Amino acid sequence: MARTEAALRESEERLRAIIDNTPSLIYLKDIESRVLVINKAYQDYYGVSQEDAFGSEGFEWQSRENVKKLRENDLKVLAGGRPVENVIEQTDTSGNRIVMRSTKFPVRDATGSIVGIGGIASNITAQRQAEEAAARQSAILQTTLDHMLEGISVFDADQRLVAFNKVFLDLYGFPEGSINIGTSFADVVRHLATLGHYGEGDIDEIVRLRVEKARDGVGRQYERTGRNGRILRVMRKPLPDGGFVITYTDITPQKKAERALLETAARADAANVAKSAFLANMSHELRTPLNAIIGLSYIVSSEMLGPLGVPQYKEYAKDIHGSGEHLLSIINDILDLSKIEAEKDELVEEPVDVAATAEASLTMVRRDAEEKGVALENLIPADICRLTADQRKLRQILINLLSNAVKFTGTGGRVTIAAWIHSEQGFTLKISDTGIGMATEDIPVAMSKFGQVDDNLDRKYEGTGLGLPLTKSLVEMHGGTLDIDSEVGKGTAVRVRLPAWRIVAVGPDRESA
């Protein structure tokens, strides 16, 4: 018996030594929630001795805000027979805020009956402070990431996502919640592959190759055009711990600007070539009538053929007059186009009789048409309408288009002018011919300033190449559009459309093909 008691005392002393040397606060209570045992850490923390604590409920030295919760937890343990965990913030004897994690559990006897309450409490203030500091740092980092202009994703050595920002999600169109901390790089690649950001191919193979390449620890930079048309500059940089960081910069605006610059340079080069060809052709256009004027006027003035009464002088005078008109036409075209480009030209608007203006324009080209054997057909009704327009410029539009049509139509051909109105679609003028026509790819050349489909010096059809561009500019000054349909060997049709508000007087709507 004595030996048993000694062994029991030895066991109790050993247990007491263990609980007194643990940093956790340990206590035991009876079924009435009265303190039986508190260890040294508990005594030191609350400044209470075992003797003073014995038999009390242990709430006297607790903060008032926690007493109710402690009582409730005791009742839960006794009623439910299960441990209850809780985190309590309180003030220690020095006035410092302390965070304690407490576990209360039922104490049972050999029969399994609950005979008391045990408790272990640990001071987790340092841990909580570290967690809060980490949370603050994480929030600061995330705020910084979310305000970056570039997308960013960071993966650890296990290829798990440890940080990313909203720009990254937006650039690739990730649905909300589809990507989270801990998502694998393979899952990210699979999502992008499914959306088509890596192009066509077997998705599993794309994922395998991308994951394998990410393990090589080599930094890379490349450009990627996603399915949404955005062009991204992607940079991957390895991290010392074996992970890597990837940045994504949307360079779509930059690429568009580069393309626009290249296109502008190309247009400038094309314009320079066109102007060079124009100057070469212009030299020919100007010298031919000037030589005629100088030569013929010299013959007349020197009376080389005899006195001025000789009949040939009259023909020479006509040729001089024709050459002068040709030069004047060229100079006028150049000056008019220059004024429009410099935005110095203005419309002098007034009600214009369309039918009368069309007939006057036909009169101007009728002689050339008769000489070439080209028939002119006027299908414009005499009472079609009046237009609010610049009469001189409208007439210039008609003469330019009719002259072109006659020039490029051979003997036996036909040039037709027609017009119709629509209260909603506006006014349409159509000049068509049965001439040589143009290939579709040559139409933009003919419409460009100084552009000529046939730009050789020995070309068959003379001209400066300013007629169509000038006409188009005059039409656009009126708020209209000019379109050309043409086919080689079958002729050309030019449509001029002016807005409905320019129609002054309108009869019944008329339409034509």
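Let's start with the holes: the structure, a predicted model, holds two cavities of 30 Å³ or more. A cavity here is a set of points, on a 1 Å grid over the protein atoms alone, where a 1.4 Å probe fits but cannot get out. The largest cavity has a volume of about 180 Å³, where volume is the space filled by probe spheres set on the points, with points joined across faces, edges and corners. Its lining comes to 16 residues, and Y27, Y46, Q62, L70 and S102 lie nearest the centre; lining residues have an atom within 4 Å of a point.

Before going on, some ground rules: residues are numbered from 1 along each chain as its sequence is written, and side-chain values use heavy atoms, with hydrogens and water left out. Because the model is predicted, local features need pLDDT of at least 70 and side-chain atom pairs count only at pLDDT 80 or more, while totals for chains, interfaces and linings use all residues.

Back at the largest cavity, β1 (25–30), α2 (40–46), β3 (84–91) and β4 (97–108) each put at least two residues into the lining. These labels are DSSP runs numbered from the N terminus: helices are H or I with at least four residues, strands E with at least two. Follow β1 and you reach strand β5 (residues 114–123), its antiparallel partner over six bridges; two strands count as paired if DSSP finds at least two bridges between them. D30 has G116 in β5 as its bridge partner. β5 also pairs with β4, again in the antiparallel sense, over nine bridges, and there P106 stands opposite I117. The β4 and β5 hairpin has five residues between the strands, and in it G112 takes a positive phi near 95°.

N73 has a relative accessible area of 6%, so it is buried; buried means under 20%, exposed over 50% and partly exposed in between, with a 1.4 Å probe and protein chains only. Not counting residues up to four places away in sequence, N73 touches V84, N86 and K104, where contact means heavy atoms within 4.5 Å.

Another five-strand open sheet runs β12-β14-β15-β17-β16, and here the pairing is mixed. Its edges are β12 (375–378) and β16 (481–487), each pairing on one side only. Strands β15 (residues 426–433) and β17 (residues 491–498) pair in the antiparallel sense over six bridges, with L429 opposite V496 in β17. Helix α11 (residues 354–372) packs on this sheet, touching β12, β14 (414–422) and β15, and its direction makes about 175° with that of β12. Helix α12 packs there too, touching β12, β14, β15, β16 and β17, at about 25° to β15.

That brings us to the largest nonpolar core, whose 41 residues include L387, I417 and F427, the ones that touch the most other members. Such a core is a set of buried Ala, Val, Leu, Ile, Met, Phe, Trp, Tyr and Cys residues joined through side-chain atoms within 4.5 Å. Helix α12 (residues 391–407) gives the largest share of this core, seven residues. Beyond its sequence neighbours up to four places away, F427 touches several residues, among them V354, L387, W420 and V496. A second, separate core of 24 residues includes F168, V188, V211 and V234.

Finally, D390 sits in strand β13 (residues 385–390). Its relative accessibility is 4%, so D390 counts as buried. Leaving aside neighbours within four places in sequence, D390 is in contact with E346, L347, V348, E349 and H478.

Note on methods:
Axes are lines fitted to C-alpha atoms, for helices over the stretch in contact, and angles run from 0 to 180 degrees between N-to-C directions. On a 1 Å grid over the protein atoms alone, a cavity is a set of points where a 1.4 Å probe fits but cannot get out, and a pocket is an open set with protein on both sides within 12 Å along at least five of seven lines; lining residues have an atom within 4 Å of a point.
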